[in-house]
Amino acid sequence: MATIQDVARAAGVSAMTVSNVINGRPHVREATRERVVRAMAELDYRVNVAARNLRAGRTYTIGLAVAEIDRPYYGQLAARIIAGAERHNLRVLVEQTGASRENEVDALALSRNRMYDGLILSTVGLGPSDVDLLRVDYPIVILGERIFDGPVDHVAMANVEGAKAATRLLIERGCRTIAIIDGPDSGETNVSSLRSQGYRAAIEEAGLEYDPELTFTVPYLTLAEGRKAGHDLVDAARGIDGIFCVTDTVALGVLRALADAGVDVPGKVKVIGFDNIEEGAYSVPSLSTIDPDHELMARTAVDMLVQRINDPETPMKPREFVSPFVLVERESTVGRRPRRGPAGRTSAT
């Protein structure tokens, strides 16, 4: 097997220059870099990544633990985290926790064993009572709503205010009997509870009567459960003219159910979701939604983690970042708008 010294001799440079090329360091002339790369290819030189990482005490890999990689939201989140990590020349190892507390604890253990330089954990199972598990000596950033005031950096959405803006839009468009489709009440703070809180606040601030019978709860925030809830909502025959769904995935299932029942959207019922997943722009009708700026959230989470990785000796207090949001109005609340198309935006905050 060729060594770095073999490459240096073949390229007519020093071993240090070869090392600089391998590690992408600046101040190497392009002609010299090309000569070294050509020598590496001719000699079939392979970098011993394991040995280099052992010497550096780094893996140059970060972990990303999400609940379900096959959901549009989590898949798109992972893509954005990977893009953010690439800016720092880091790779991302993605694992699926299945929204299980035990699997989220396992993800923490992998970082503890130094398989990653740091971990971005999208929490669903872990809650405030698990805060002591996060008191560790390696970098972690939490994504989501499950743990506040913890000992690690936290990136979250403006769930309450975003849900209020979504519900207010339905009210502004003339809706007076507005249903919400949310997830189960676990007794702890989560996406559903926060967005339900924003929905109720908007209803009451508008002087409308809050009716618990207009809350339709699904066991899982999936397309299939959204469709079931949509059929239940139609069968309830309560004169509902607006629907706020706590996720776009649920909202897309609801749109399918309303189409099944021949209900005109937005003529008879207006629908809005939350998350601005890409699929919502291409549904028929296209879906109005709240865009919490997932790209900014992903970039912020990666940057926070990298700062902790690169500067482990500097004490920093845990940081909290709440992303701003934008209201994206499409056909499900206003009908077709040929000039603006499916991607029209209205600033909300």
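1. Basis. The model is predicted, so local features need pLDDT of at least 70 and side-chain atom pairs count only at pLDDT 80 or more, while totals for chains, interfaces and linings use all residues. Residues are numbered from 1 along each chain as its sequence is written, and side-chain values use heavy atoms, with hydrogens and water left out.

2. Strand 8. This strand spans residues 242-245 and is covered on both faces. Gly-242 and Phe-244 on one side are buried, as are Ile-243 and Cys-245 on the other. Buried means under 20% relative accessible area, exposed means over 50%, and partly exposed lies in between (1.4 Å probe, protein chains only). Strands (E, at least two residues) and helices (H or I, at least four) are DSSP runs, numbered from the N terminus.

3. Neighbours of strand 8. Strand 6 (residues 178-182) pairs with strand 8 in the parallel sense over four bridges; two strands pair if DSSP finds at least two bridges between them. Ile-180 has Phe-244 of strand 8 as its bridge partner. Strand 9 (residues 270-272) also pairs with strand 8 in the parallel sense, over three bridges, and its Lys-270 stands opposite Gly-242. From strand 8 the chain passes through helix 10 (residues 248-260) to strand 9 in a right-handed β-α-β crossover. Right-handed here means that, with the strands pointing away from the viewer, the path from the first strand over the helix to the second runs clockwise.

4. Salt bridges, count and a local case. The count is 16 salt bridges, each defined as a side-chain nitrogen of Lys or Arg within 4 Å of a carboxyl oxygen of Asp or Glu. Arg-9 and Asp-6 form one of them at 2.5 Å, N to O. Both belong to helix 1 (residues 4-11) and, being three residues apart, are separated by about one helical turn. Arg-9 is exposed at 61% relative accessibility, whereas Asp-6 is partly exposed at 25%.

5. Asp-130 and Arg-101. Their side chains meet in a salt bridge of 2.9 Å, N to O. Asp-130 lies in the loop between strand 3 (118-122) and strand 4 (140-143) and Arg-101 in helix 6 (residues 101-112), so the pair ties together parts 29 residues apart in sequence. Asp-130 is buried at 9%; Arg-101 is partly exposed at 34%.

6. Asp-153 and Arg-319. The closest N and O atoms of this salt bridge are 2.7 Å apart. Asp-153 lies in strand 5 (residues 153-157) and Arg-319 in the loop between helix 11 (294-310) and strand 11 (320-323), so the pair ties together parts 166 residues apart in sequence. Asp-153 is buried at 1%, and Arg-319 is partly exposed at 22%. Salt bridges with shared partners join Asp-153, Arg-308 and Arg-319 into one network.
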